Amino acid sequence: LLNVTGFLFTLGVGMAWGVEHYHAGHHDVTQGFVFFFWALYAATPVVTAWFKAPGWAGWSDATLVCGTPLVGFALQSQLAADRFELAWAALAVGLAYGALWLALFRRGDEEMRLLERCQLGLALTFATLAVPLGLGVRVSAAFWALEGVAVLWFGVVQQRRLAMATGALLQVGAAVFFALAFPDLRPTLAVINDVCLGAALLAGAGYASARLLRRHGEGAAALALLWALVWWVLAGTYEIDRLTADP
């Protein structure tokens, strides 16, 4: 309870200060604070479980496991000077979660197996995210869609319907943001551009969700698969229409 309370209140106080007082001159010190905030609360569930501290099993509410990267990277996306800085940040975060996963994996404790897999999933998510960010895919859409899959996976494994619904809503929110930003996108390269890769990421997130939801009923899985198919077809149709003559 203390860990989660500290997380929420630190976030609240920090964001309140940012809204009222932040300016460009605060960039470096604010970056340092965000990094420390993320590192502290990302490591907390792992360290607590590692030493079997009182209440160590409470990490399973996913507040710190999924909330920390979600909040931390969202804040980072607002502070980054450009997408390349954000891409390097995503790669660094992916490596850090990879180190946390390796520490748990080497311990080989079955009680920590799910927590270990969470760290691996986050590591792969951020490492994968670094590539499209460097290529210019819309930051928020890519991040929220992939994070939505991670939250959905957690909900499926833990049998938490609220987490499953949250993961699905994150993907819908990513799609809405992507659609609203669409008029401002000006793709140049074929396929490797904001529009095509952004839609492909949404499609990939939808397909992964369909695979996860199969164990909870064909209806939910079919809906997720249809969602993925729509974005995949839109991506291909847009590129064909943009790069070829009408005939």
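## Basis of the description

Because the model is predicted, local features need pLDDT of at least 70 and side-chain atom pairs count only at pLDDT 80 or more, whereas totals for chains, interfaces and linings use all residues. Residues are numbered from 1 along each chain as its sequence is written, and side-chain values rest on heavy atoms, with hydrogens and water left out.

## The largest pocket

The largest pocket has a volume of about 400 Å³. A pocket here is an open set of points on a 1 Å grid over the protein atoms alone, where a 1.4 Å probe fits and protein lies on both sides within 12 Å along at least five of seven lines; lining residues have an atom within 4 Å of a point. Grid points are joined across faces, edges and corners, and the volume is the space filled by probe spheres set on them. Of the 17 residues that line this pocket, Gly14, Met15, Gly18, Thr30 and Leu75 are the closest to its centre.

The elements that give two or more residues to this lining are α1 (2-21), α2 (27-50) and α3 (63-79), and α1 gives the most, with eight residues. Helices are DSSP runs of H or I with at least four residues, numbered from the N terminus. By class, the lining of the largest pocket holds twelve nonpolar, five polar and no charged residues, where Ala, Val, Leu, Ile, Met, Phe, Trp, Tyr, Cys and Pro count as nonpolar, Asp, Glu, Lys and Arg as charged, and the others, Gly among them, as polar.

## The second largest pocket

About 330 Å³ of space lies in the second largest pocket, which is lined by 14 residues, with Ala168, Leu213, Ala220, Leu223 and Ala224 nearest its centre. At least two lining residues come from each of α7 (161-181), α8 (194-213) and α9 (218-243), and the largest share, six residues, comes from α7. This lining has eleven nonpolar, three polar and no charged residues.

## Aromatic pairs

The count comes to twelve aromatic pairs, a pair being two rings of Phe, Tyr or Trp (its six-membered ring) with centres within 6.5 Å, and with planes under 30 degrees apart counted as stacked, over 60 as edge-to-face and the rest as tilted. The rings of Phe7 and Phe37 have their centres 5.4 Å apart and their planes at 20 degrees, so this pair is stacked. The pair links distant parts of the chain, with Phe7 in helix α1 and Phe37 in helix α2, 30 residues apart. Both Phe7 and Phe37 are buried, where buried means under 20% relative accessible area, exposed over 50% and partly exposed in between, with a 1.4 Å probe and protein chains only.

Phe73 and Phe126 form an edge-to-face pair, at 5.2 Å centre to centre and 65 degrees between the planes. This pair also links distant parts of the chain, since Phe73 lies in helix α3 and Phe126 in helix α5 (residues 113-135), 53 residues apart. Both Phe73 and Phe126 are buried, and together with Phe35, Trp38 and Tyr97 they form one aromatic cluster.

## Charged side chains

The whole structure holds two salt bridges, each defined by a side-chain nitrogen of Lys or Arg within 4 Å of a carboxyl oxygen of Asp or Glu. In one of them, Arg113 pairs with Glu116, the closest N and O atoms being 2.6 Å apart; these residues are separated by about one helical turn because they stand three residues apart in helix α5, and both are buried.

In the other, Arg242 pairs with Glu239, with the closest N and O atoms 3.2 Å apart, and these two are likewise three residues apart in helix α9, which means about one helical turn. Arg242 counts as partly exposed because its relative accessibility is 26%, whereas Glu239, at 6%, counts as buried.

## Two residues of helix α2

Ala39 lies in helix α2 and is partly exposed, with a relative accessible area of 27%. Ala39 and Pro69 are 30 residues apart in sequence, and their C-alpha atoms are 9.5 Å apart in space. Phe36 also lies in helix α2 but is exposed, at 53% relative accessible area, and its C-alpha atom is separated by 16 Å from that of Val46, ten residues apart along the chain.
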